[in-house]
Amino acid sequence: MQTEASQTPVALFVFNRPDTTRQVFDAVSKVRPAKLLLIADGPRQDRDGEAEACCKVRDIVAHVDWPCEVFKSFSDANLGCGERMISGLNWVFSLVEDAIILEDDCLPDLSFFPYCQELLERYRGDSRIAYISGDNLVDGYATSDCSYLFSRIGGIWGWATWRSEWQRYDRHLNDWPTIRNQRALAEILDGPKAIELYTRIFDAMYDKKGPDTWDYQWLYTNLTNNSLAIVPKTNLVTNIGFGKDATHTTVADTRFMLPATSMDFPMRHPVSIIPSRSFDRRRIQDQLPPPILFRVLNKLRRLAGRAIR
């Protein structure tokens, strides 16, 4: 497993969380990639202790104890989640043709690395495939015994792609007004709730009123290019970053906290490239606002946690 995985460059994005960074870096070190690209954001000036936390994180990823070509893009200033990911990925793909991409809270099973390696080679040059996802947050929706399925929605908690696909990235959603006016999402997505959800998201991102992120634009790029993500049959990456220190996942949500499992090899490849509508319907359903009872229970849990502290 290590020999296969070591040939693909690994890009690791880090910031201010030593505990999660150490776990993810330990996983990377076990597959000993020949090229390691480290991307770090700088501390925010108004956060006590963040400069020290960022230094600790950079010390952790400095301990590369295997033969490896290391590249670093460390920002002194705080760029924010969106800008740091976008500028970091632009930098990564200025140096390498393909890469496995992890953030400091995405802990992979070791089988994630050869899974990405094999599929990067298998689908290289196939413009139907935008990227290979390592997470499957709706386990059980695979309709065959194949090792993976195809999705319009995908997931980016551990993923891999090629320079040629990242070069399509449309950060500013340039054609969104035309696409919206043509009601093109109705031809892509299944059901009025999904269309309403993503219309609202893309409106906000186009108007620069959305969250400081990069992944909605990646989803938009792939939807409008009719490109697909590969999703493993079982979840290969677990998000260990839920909590108050997270940028986006500040509230623990058990729907998205699936443990990582192992991929079986040799992989069983699908005979056709057809997106799974049932998987995507469930994936979109989980992104819709939860029922009122779920929200009430979540609030009660948070209040109980504060009372205990």
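Visitor: Leaving aside its neighbours within four places in sequence, which residues is W159 in contact with?
Guide: This is a predicted model, in which local features need pLDDT of at least 70 and side-chain atom pairs count only at pLDDT 80 or more, whereas totals for chains, interfaces and linings use all residues. Residues are numbered from 1 along each chain as its sequence is written, and side-chain values use heavy atoms, with hydrogens and water left out. With those neighbours set aside, W159 is in contact (heavy atoms within 4.5 Å) with L89, A99, I100, I101, F112, Y131, I132, S133, G134, W166, W214 and W218.

Visitor: How many aromatic pairs are there?
Guide: Rings of Phe, Tyr and Trp (its six-membered ring) pair if their centres lie within 6.5 Å, and planes under 30 degrees apart count as stacked, over 60 as edge-to-face and the rest as tilted. By this rule the count of aromatic pairs is 16.

Visitor: Is the pair of Y131 and W159 stacked or edge-to-face?
Guide: The ring centres of Y131 and W159 are 5.7 Å apart. Their planes stand at 80 degrees, so the pair is edge-to-face.

Visitor: How many residues apart in sequence are the parts that Y131 and W159 tie together?
Guide: Helices (H or I, at least four residues) and strands (E, at least two) are DSSP runs, numbered from the N terminus. Y131 belongs to strand β6 (residues 129-133) and W159 to strand β8 (residues 159-162), so the pair ties together parts whose separation in sequence is 28 residues.

Visitor: Is W159 buried or exposed?
Guide: Buried means under 20% relative accessible area, exposed over 50% and partly exposed in between (1.4 Å probe, protein chains only). Y131 is buried at 4%, and W159, with a relative accessible area of 1%, is likewise buried.

Visitor: How far apart are the ring centres of W176 and Y220?
Guide: This pair links distant parts of the chain, since W176 is in helix α7 (residues 176-181) and Y220 in helix α10 (residues 215-224), 44 residues apart. Both residues are buried. Their planes lie at 85 degrees, so the pair is edge-to-face, and the distance between the centres is 6.3 Å.
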